[in-house]
4 protein chains.
Amino acid sequence: MNGRSFSEHRVRRRPRRQRERQQRRADILAAAERVFAAKGFHAASIEEIARSADYATGTVYLYFKDKETLYIELFEEKIRALGAAIRQHLTPPADPVQALRQVVRARMAYFDQNRPFFSIYAREGMNLFEGRDERWRGVVKLYENYLDLLARLIQSGQRTGVFRRGRPRQFALALSGMMMQITRDWLQSRDRSALRTRSRFVLDLFLLGSQSPARSR
Amino acid sequence: MNGRSFSEHRVRRRPRRQRERQQRRADILAAAERVFAAKGFHAASIEEIARSADYATGTVYLYFKDKETLYIELFEEKIRALGAAIRQHLTPPADPVQALRQVVRARMAYFDQNRPFFSIYAREGMNLFEGRDERWRGVVKLYENYLDLLARLIQSGQRTGVFRRGRPRQFALALSGMMMQITRDWLQSRDRSALRTRSRFVLDLFLLGSQSPARSR
Amino acid sequence: MNGRSFSEHRVRRRPRRQRERQQRRADILAAAERVFAAKGFHAASIEEIARSADYATGTVYLYFKDKETLYIELFEEKIRALGAAIRQHLTPPADPVQALRQVVRARMAYFDQNRPFFSIYAREGMNLFEGRDERWRGVVKLYENYLDLLARLIQSGQRTGVFRRGRPRQFALALSGMMMQITRDWLQSRDRSALRTRSRFVLDLFLLGSQSPARSR
Amino acid sequence: MNGRSFSEHRVRRRPRRQRERQQRRADILAAAERVFAAKGFHAASIEEIARSADYATGTVYLYFKDKETLYIELFEEKIRALGAAIRQHLTPPADPVQALRQVVRARMAYFDQNRPFFSIYAREGMNLFEGRDERWRGVVKLYENYLDLLARLIQSGQRTGVFRRGRPRQFALALSGMMMQITRDWLQSRDRSALRTRSRFVLDLFLLGSQSPARSR
DNA sequence: TATGAATGAGAGTTCATTCAT
DNA sequence: CATGAATGAACTCTCATTCAT
């Protein structure tokens, strides 16, 4: 045995611990997603989440300060992942319309694969952030990033004259709302078809509106 | 004095009782709206609602079977009123686009005057209807009526060629979602301006889309 | 108009009022019997008793101080009636055995016609008299009178040598207990036959015991 | 140290947990017995029972589903123990009369040592089993077993000619009722003497009746 | 670290009782 | 007197959180 191997041992040790810790954290978040999706925030009990992750009740508290923190961090994780998914599909030198198309598609595809999370999101959203804004700041920030991305694309399109005048944020909100409601309906109807088949509809409506182009306006 | 006056007395009596009962019911609903808006369904306690209406806890139960019923009936009342407000602003022989304009305006004006209710609606919506669909049926029906109205207007516009092809319900959902998100943002930003100033934006976006008409497409 | 008629008027008035008052009191007691029998003391609500007697809730309180008083007075009435029924069937100059026979028969016949009351009695008896003996004193007294009657008959039989030695009260308790349990069983089995068909059995057992007389003892 | 000791360790572990759990359950049952005896089912609060067992309110619910279950399981435990006590005193090859003697003595001795439970039993018995028969089935079964035991002894005595003709169950009911009432009286009188001193009286009355044997019948 | 039993604050709900009409 | 709406104390039960093992 030499100093090096000991050192290596130390060096290894931490990361493994860390990795294990991350793994357990992820296990619990996954269980929380299942249970929150199935029952909603209030009806879900920590006990049930723990059991669903194959841990004991107390263990959850070693990874999350309290129930609301668990909920918030689940949101952060999921919305962060949505952001990542979008960035991944965004080929940088695209024109704004093309980019928007990519964003919408990525967004729809993301919820296609995250139905349980969307059902949490649609049902209770960030409804708990009442007064206690503080703890939600991270999630709100992430959502704002997403809106900002949409808004910036629109704004850049406005500069090139592709988009009409108007407050970019309002356009972004409206687009986001359209997707939201359509996703909600898809979820509730238990439609087996993929959500992303609606991307085209959303984009067309957002870009062209509902009126017939045949009509001279 | 004749027999008729006695009869009149009897005739009057019931209505007064009924009127008073309705009044108290309304008092409690108003208090419930305040408290639910401020705290959300779960954090709101019957005790607090009762106090806010200046009644004792038990009194609430003379008017509503239980907490969820109170919540549901508040929804029914409010969504019914939204429906009424819309119908009132809808001058029958209007063309679909005109009618849609009226609906959107009425919808926005309604929430302008019902901020507290919207904050309940936006936050928790009908998220409690999990499994217990039965009790929510009335509310769901009312919401469907509203969506149907939008869908029918679009459909009739499609027949006259004003609107593009597409499933009317999807258009309706999208329009509803746009309004939803814009209202949500308005509420959260504590914007002092009237919500209805956004009606024009919503309609233009829905009808014409976001792309510049200048561009030949 | 003369003094006499006025006087008569006064004389009549009171009694009628009194009679009406007694009538209403009786109505309520009858309703209480029905409801207590069906649901037990705690599950029975004053509201339901009042409705069952076709009065308003508050009216009950004009005739009975509170719920327990109502219960107690129902007991008093019923046990007093049992006493009366027994005395009625008791032809004074009978020998003790004969008299006992009459008492048992009257007792069984009484509950034959008072099933609802017995079901109250069997179920909860005087279980509420815990600590608050005071209010139950009257009922206890009446029950003691009944036991005393049995005890005195036995005692007098002992003096004439018909009955064996032993504390008369113990004999009385045992006899009462036998009838009690047999009545309880009859009630629960929903036996359609009359309870009084068991009188013979009870008497024979009490007088002769269960052992075969054939056996020399 | 060998693998076996480790194994033993594991083997022990479970039983200790189990034993502790049983102990706590028993603590709570004992407290429930005290409180139910003192106040009756309805007036007893879970809070008070918990405090009396030195636990917190919620703890009771870890061991018993709800208040009625606690009550029922107390009954089951106690009546099962009565059965056990009786069987223990029953030397198999005894003749029916002898056996009956043993049963009565065991029964009386049991309540001598279980005054609090008897006061629950005498006061409210199984009066809560109204409609909700299901949950009481176990207790009813145990009580029926006890009655059956008495009935079978009598029946076998009838076959050997020691007992008179008659429905064995009626004899059993009567005997049970005699003991019941005598126990009730003993409890209420706060008699310091042992209940079992009454066994002789009960048996003699049940076997021989109250009439004097001197008399030729 | 992991466990899960224990905690106890807190909520919904009921209903005996009161009292203005 | 009769009414029945209002009251609010009291109770059962849940569950997030803690902590001894």
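A salt bridge is taken here as a side-chain nitrogen of Lys or Arg within 4 Å of a carboxyl oxygen of Asp or Glu. In this predicted model, local features need pLDDT of at least 70 and side-chain atom pairs count only at pLDDT 80 or more, whereas totals for chains, interfaces and linings use all residues. Residues are numbered from 1 along each chain as its sequence is written, chains are lettered from A and ligands numbered from 1 in the order in which they are written, and side-chain values use heavy atoms, with hydrogens and water left out.

Over all chains, the salt-bridge rule gives a count of 64. One of these links the side chains of A:Arg80 and A:Glu76, with an N to O distance of 3.8 Å. Both residues belong to helix H4 (residues 67–89) of chain A, and because they lie 4 residues apart there, about one helical turn separates them. Helices (H or I, at least four residues) and strands (E, at least two) are DSSP runs, numbered from the N terminus.

Two packed helices are described by the angle between their axes and the distance between the axes. Axes are lines fitted to C-alpha atoms, for helices over the stretch in contact, and angles run from 0 to 180 degrees between N-to-C directions. In chain C, the axes of helix H4 (residues 67–89) and helix H7 (residues 133–159) come within 9 Å and cross at roughly 20°. H4(C) is therefore roughly parallel to H7(C), given that angles under 35 degrees count as roughly parallel, over 145 as roughly antiparallel, 65 to 115 as roughly perpendicular and the rest as oblique. The crossing of H4(C) and H7(C) is left-handed (the near helix is turned anticlockwise from the far one by less than a right angle; clockwise is right-handed). Residues in contact (heavy atoms within 4.5 Å) include C:Ile72, C:Phe75 and C:Ile79 of H4(C) and C:Trp136, C:Leu142 and C:Tyr146 of H7(C). By class, this contact of H4(C) with H7(C) comprises 11 nonpolar, 2 polar and 4 charged residues, where Ala, Val, Leu, Ile, Met, Phe, Trp, Tyr, Cys and Pro count as nonpolar, Asp, Glu, Lys and Arg as charged, and the others, Gly among them, as polar.

In chain A, helix H5 (residues 96–112) packs against helix H9 (residues 199–208) at an angle of about 140°, the axes being 9 Å apart. The pair H5(A) and H9(A) is therefore oblique, and H5(A) passes H9(A) in a right-handed crossing. Among the contacting residues are A:Leu100 and A:Val104 of H5(A) and A:Leu203 and A:Phe206 of H9(A). The contact of H5(A) with H9(A) holds 8 nonpolar, 1 polar and 2 charged residues.

Between chains, the contact of chain A with chain B takes 40 residues from each of the two. Chain A and chain B bury about 4,000 Å² between them, with 54% of it on carbon and sulfur atoms; buried area is the accessible area (1.4 Å probe) that two parts lose on being put together, summed over both. On the side of chain A, the most area is lost to chain B by A:Arg164, A:Gln181 and A:Ser210, together 16% of what that side buries. Across this interface of chain A and chain B, 2 salt bridges are found, and A:Asp185 meets B:Arg169 in a salt bridge of 2.8 Å, N to O.

For chain D and chain C, the buried area is about 4,000 Å², of which carbon and sulfur atoms give 54%. C:Arg169 forms a salt bridge with D:Asp185, the closest N and O atoms being 2.7 Å apart.
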